[in-house]
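Subject: Structure handover

Hi,

Here is the structure you asked about. Please open it alongside this note, and my findings follow below.

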Amino acid sequence: MNSIHTRVKSKRTEHHLGAERDHFDKQQLSSISKAINSTETPVKEKHARRIILGTHREKGAFTFWSYSKGFPLGTSSLLCWKFCHVLHKILRDGHRNVLQDCMRHYDSLAETGKVWSHLHDKYGQLVSLYIKLLCKKMVFHAKHTDIPPNLEVTDDVLERAAGTDINNVFQLTVEVFDYMDVELKLAETVLRQLNSSIAVTSLTSGQCRLAPLIQVIQDCSQLYHFNVKLLFKLHACLPPDTLQGHRDRFREQFTSQKNFFNRAREMVYFKRLIQIPRLPDSPPNFLHAAALAKHVKPVVVIPENDEQPDDDDDEPEPLIEVSDAPTPSLQSQPQVDIFDQAFGPPNGGFDERDLQIESLKSELELLRMELEKVKAEAQRYVTQLKSQINSLEAELEEQRVLKQRALVENEQLRMELEATRRRNAEHESLQNTFLEADRKAQATEQRYNKLKEKHTELVASHAELLRKSADTVKMLSATQQTQEEVERTKQQLSFEVERVRQEADLKMEEQKFEMERLKRELEEKMAEVTRVKATLQSSEMTSLEVNNNMTALQAEKERLMRSVREKEAELSSLRQEAQLQQSSLQQEQQRSSRELGELQSKLKEKTSVEEQMKKKLLEEQFTLLQGTIAEAENIIQDAVAKLDDPLHIRCTSSPDYLINRAEATLGSIDKMKKGQADYLRNMEDAGGLLRSLTQFSHLAAETIVNGSATAHMAPTDQADRLTENCRGCATQSLQYLKDLKAKNTLQKADPASVRVIVQKILHLGQELRPKGMDIRQEELGDLVDKEMAATSASIEEAVRRIEEMMNQARKDTSGVKLEVNERILYSCTDLMKAIRMLVVASTDLQKEIVESGRGGASIGEFYARNSRWTEGLISAAKAVGWGATELVESADKVVLHTGKYEELIVCSHEIAASTAQLVAASKVKAGRSSKRLGVLQQASRHVNEMAANVVASTKTGQENPLFVLNAACRNVPL
């Protein structure tokens, strides 16, 4: 019983949900069609509100965009204006996923704005400015996800979006200025086209233009607050001279915004719809931080205004059911079916029925209780998930703080590295000083060695003097017996010689000359003594004279002794000075050795720290490189995925733009190769490689996507080659990025294969470029007519030649061969006639297109204005004429047995493709309801049938035994 009830309930729920979805789609379609129409009235608030509620119900804007694709936004400026108004409301008040859905249509919306910027009707320029505003709004909020499209955020959220980096704050301020510029530009243009009189603002046409300014006022008030906050923050971190341009730009925007608010406040239309805030009389003084306290955030108030439903509106939207209890109308009928199936038709057993009803009610109560429990459990899960989300957000904020701290620490490490390098330089200077001191110590030691050498020389002189003194003693001993005074003189002279010896021990090199002088004096004295001895021996009478001489010698000896004592004292002082200098040098050497050891230990520590920092820096640089490569791979993989996306099939691109992107990609490959070489030389700096990789990934993705889009409009063969090369470009790019991502393959990574594939894409794009670009635009119209006439003439000539070949074949051949040749020539004749009908239909459709599209311009001006389309027509007409000529030549060779049947089959395929190109070129600018377009399509189908007949007749002739025999005879050598 419970299973039956569950199945019935699930079926009822599915039916109810399907009906509810259909009702939702119907209501959305009705609201969108009533809000966006070609009537010059403002969008009604209730229709816009239903569309906004629909976005919240389906959690996105898929339904809105699916219905909006059918609007002719490129032809009706009023319709496009109201579409922009509704889109602005949806962006501000719709579901948060609306922004993502709108970004998917960003390119088509921007292209529509460019189209209207060149048209000068009543709403054209307004539509162009409005679309520019919407594109700026989508890009800004897609980049800054913390700020919702309605701009209603707290100051804390704004601070978090700006971040702590002053460069990010500066960039965000510039983006807000640009945002405000497009808002004010739209408002000024609307007010310039209108005046503030009651007569204009009370008309529906004026209200239609003024209605979007309500959203502009709301945006401008919030953007003004953002500008004030950000500028005060910038002035707190940067000097005033740097921000002079920002202050001037804010002053201009302030004046423009204040004039806009004042004019809007005076208009009757806005008085009942919005309360516009008043701006201060003068802009804030950003040079004084205290002026921020005087700033008052402007608040826009939208009063409650309940609109009465019109007679043509739909029924009010029912409330969304949140309970699983079915309605009585839906519940009554299935219950009867359940009871009938379970117990059969009623037979008077009322008690049993009542019991079953009571049991079902009790089960229903139990189910409700279980549902309440499930709801409570779901609510608990939701609460837990919210808490997890909050914790994850807190962790994310903590990670951001850690990242900022890591950046600060990295900068500190860089500063410490610089300080270490400076200390290393100082250490090198200290080492140079130590080497200089070492050189001085060596020079001192050399001087000490010289002193020792001088001392040795003095010792040798002393020994020589001793030997001479001994000789003197021997000479004086001979005269001792004769005179005691001579003996005393000898003893005194001996004592004097001993003193002279002591003096020689201490004397230095500068006293050597003095010693020699003393030696000469001593020799003179000895000579005198010898002469005295001789005199004594000769005569004692000279004794008195000798005594006098001895007295003189005694005086001279005393003088010499005083001189020896003085020299001895001087030598002693020199020795003390040498010892002191040697001890000070030893102390200085020991201290220098200790300092050198300490410096060497510090140098080792700093070297190890520097190596660690360098290793960490290399790892960080490689991590950044890997992250950039991963992002580049995602970009290229996303581009490759678009090749197989069914939504991408409708995208097209021109060969010129493909060539531009391919050339830019080749340039980025060169930069990337140079950046790779620079990184391999210096792996501490990967900035150049990161920038070139980012540029290469985006350009390669654009080349792949635009190559696929260009292939959608190219011939089959070239389209297949272009698509295959695009895939090859993606494969080679991903392989190159994979090699860059690993350290062992980093040096072997070579983008040469990527360059080859991109060059192939470039060559294919150049082949696909429309030829004949050197023709002047004034000659395009005449050239189209000439080419179409030449094509018709080629077809007439082909028909004539086929008839001549048929007549000649009837004369020269017979039997099976004649039958085969006639079948082939008849099929070729039918194909030529079908092509002639196609050319006539294409010419008629072309004339209709020119007459309907040229307006007041001449035919030549129309062709010049649509030069690409004209060149396509010319190229297609040339291809058809050439195909007809080649078909006739191949048929002639086949009939004369000098050619191959395969050539005729190929020519028939080529002429069918050329006619298809002509049909496509003619169909581009034709209206969907054009009768001549139908005639052209019918003629195209007829051409394809005739081409198939040519192929069939050719294959039939090729399978004929006579053909096989002739082919075998041609292959037999003579």
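How many helices and strands does the secondary structure of the protein come to? The count is 30 helices and zero strands. Keep in mind that this is a predicted model.

**Overall**

The protein has 974 residues, and 38% of them are buried. It exposes about 56100 Å², with carbon and sulfur atoms supplying 53% of that. Of the contacts with a separation of 6 or more, 78% are between residues 24 or more positions apart.

**The cores**

The largest nonpolar core holds 88 residues. Phe64, Phe260 and Phe270 touch the most other members. Helix H12 (residues 213-237) gives this core its largest share, 13 residues. Domain 1 (1-104) and domain 2 (144-302) both contribute residues, so the core lies between them. Another core, of 46 residues, lies apart from it; Met805, Ile835, Ala841 and Leu918 are among its members.

Look at Phe260 next. Neighbours within four places in sequence aside, Phe260 is in contact with Leu184, Ala187, Leu191, Leu213, Val216 and Ile217.

Phe260 is also one of the buried residues of H13, which include Phe250, Phe254 and Phe261. The buried residues of H13 pack against helix H9 (166-193), H12 and helix H14 (268-271). The length of H13 (residues 244-266) checks out: at 1.5 Å a residue, its 23 residues should span 33 Å, and its end C-alpha atoms are 34 Å apart, which agrees.

Thr829 sits in helix H25 (residues 815-853). Its relative accessibility is 8%, so Thr829 counts as buried. Leaving aside neighbours within four places in sequence, Thr829 is in contact with Ile802 and Met806.

**Salt bridges**

The count comes to 22 salt bridges.

- Glu175 and Lys143 meet at 2.5 Å, N to O. Glu175 lies in helix H9 and Lys143 in helix H7 (residues 124-143), so the pair ties together parts 32 residues apart in sequence. Glu175 is buried at 14% relative accessibility, whereas Lys143 is exposed at 52%.
- Arg380 and Glu377 meet at 1.9 Å, N to O. Both lie in helix H16 (residues 350-477), three residues apart, about one turn of the helix. Arg380 is partly exposed at 37%, and Glu377 is partly exposed at 28%.
- Glu767 pairs with Arg721, with the closest N and O atoms 3.7 Å apart. Glu767 is in helix H23 (residues 752-768) and Arg721 in helix H22 (residues 716-741), so the pair ties together parts 46 residues apart in sequence.
- Arg92, Lys137 and Asp219 are linked in a network of salt bridges.

Best wishes

Conventions:
Residues numbered from 1 in each chain as written. Predicted model: local features only at pLDDT ≥ 70, side-chain atom pairs only at ≥ 80, totals over all residues. Heavy atoms only, no water. Core = buried A, V, L, I, M, F, W, Y, C linked by side-chain atoms within 4.5 Å. Buried < 20%, exposed > 50% of the residue type's maximum accessible area, 1.4 Å probe, protein only. Helix = DSSP H or I, 4+ residues; strand = E, 2+ residues; numbered from the N terminus. Domains from an automatic or database assignment. Contact = heavy atoms within 4.5 Å. Expected span 1.5 Å × (residues − 1). Areas by Shrake-Rupley, 256 points an atom, 1.4 Å probe, with all protein chains shown as cover. Salt bridge = Lys/Arg side-chain N within 4 Å of Asp/Glu carboxyl O.
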